[in-house]
Amino acid sequence: MGLYAIGDLHLHFQTPLHARGQLTGLWKDHEKRFRRNCDALIGPGDTLVLLGDHSWGRDLAECEEDFRYIMALPGRKILFRGNHDMFWDVKKTPQLNERFGGALTFVQNSFAACGDAALVGTKGFVFEGPFYLDRRRRIVGWDEEKERQAEKLVRREAERLRASFEAARAAGYRRFLMFLHYPPTSILEERSVFTDMAEEYGAEQVIYAHCHGEDRFHDSILGERNGILYRLVSGDHLRWMPERIL
Ligand SMILES: [Fe+2]
Ligand SMILES: [Fe+2]
């Protein structure tokens, strides 16, 4: 029974494409390559975590084709929320789960079980600038108003993450795999409320997405830190090959 993860499918079967970069290079026909990779790798007893930014659709009606595509992928599908998922109102997560009747599992303020491990997580958030650079492209400052706004969003997401850990703990789970759509730290940070919480609960791994393009792949922590394995699973970073987590 394998556990796989990938983020940022950014599907657009029904919606006009908002990202021109999705027409060329690694993104060209990415949904076809991803489907082939999944079919070759994932069996019916396996679990596939999709780590946010599922669709460009602005509401559920605009995502129907995208969800049909996701449902046809092999294995059990667990979805976390990304910053572009306009169809997903946090408060209406139970209705979303009801609507897809177990074919897809949407995780928010709760967890999903995979063997003896609990898959916990939330969208997360990090301050992404604007940063001010000097001529050598070194950061010399940033928008402090935007930084204050980001702190509020980070606090709210931290509460949601704690709710997820606590739900898993109350259900008797002691093994945790932590999923965030955003990276766990900003480019200014060595640690954050998210890395602290991963350490507090003893998460084995922190898996995140959201970072697109070579320039962003090293924005946050990669590899082992304080006994926790940090992994970036954004689709273009993985070249559309789901990453084996367990
Ligand atoms: Fe994305
Ligand atoms: Fe994102």
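Arg137 lies in the loop between S7 and strand S8 (139-142), and in this predicted model its phi is near 65°, a positive value in a residue other than glycine. Because Arg137 has 7 C-beta neighbours inside 10 Å, and a residue with 12 or fewer is classed as exposed, Arg137 counts as exposed. The points below take up this loop residue's counterparts elsewhere in the chain, then a sheet, and then a helix.

**Loops and backbone angles**

- Asn226 also has a positive phi, of about 50°, although Asn226 is not a glycine, and its place is in the loop between strand S11 (223-225) and strand S12 (228-232).
- Asn226 counts as exposed because it has 10 C-beta neighbours inside 10 Å, and the cut-off for an exposed residue is 12 or fewer.
- The peptide bond that leads from Gly129 to Pro130 is cis, with omega near 10°, and Pro130 itself is found in the loop between strand S6 (117-122) and strand S7 (131-133).

**The five-stranded sheet**

- Five strands form an open sheet in the order S4-S3-S2-S1-S13, and their pairing is mixed.
- Strand S4 (104-106) and strand S13 (243-244) stand at the edges with a single partner strand each, so one side of each is left without a neighbour in the sheet.
- Strands of a sheet pair through backbone hydrogen bonds, and they may do so in a parallel or an antiparallel way.
- Within this sheet, strand S2 (residues 47-51) and strand S3 (residues 76-80) run parallel and are joined by five bridges, and Leu50 stands opposite Leu79 in S3.

**Helix H4 and its surroundings**

- Helix H4 (residues 144-170) has 27 residues, and the distance from its first C-alpha to its last is 39 Å, which is close to the 39 Å expected at 1.5 Å a residue.
- Which residues of H4 are buried? The buried residues are Glu157, Leu161, Ser164, Phe165 and Ala168.
- An α-helix has 3.6 residues a turn, so residues three or four places apart point the same way.
- The buried residues of H4 pack against several elements, namely strand S5 (111-114), S6, strand S9 (175-180) and helix H5 (193-201).
- H4 is followed by Gly172, a residue whose phi is positive, near 100°.

Conventions:
Residues numbered from 1 in each chain as written. Chains lettered and ligands numbered in written order. Predicted model: local features only at pLDDT ≥ 70, side-chain atom pairs only at ≥ 80, totals over all residues. Helix = DSSP H or I, 4+ residues; strand = E, 2+ residues; numbered from the N terminus. Buried ≥ 20, exposed ≤ 12 C-beta atoms within 10 Å, placed from the backbone. Pairing = 2+ DSSP bridges. Expected span 1.5 Å × (residues − 1). Contact = placed C-beta atoms within 7 Å.
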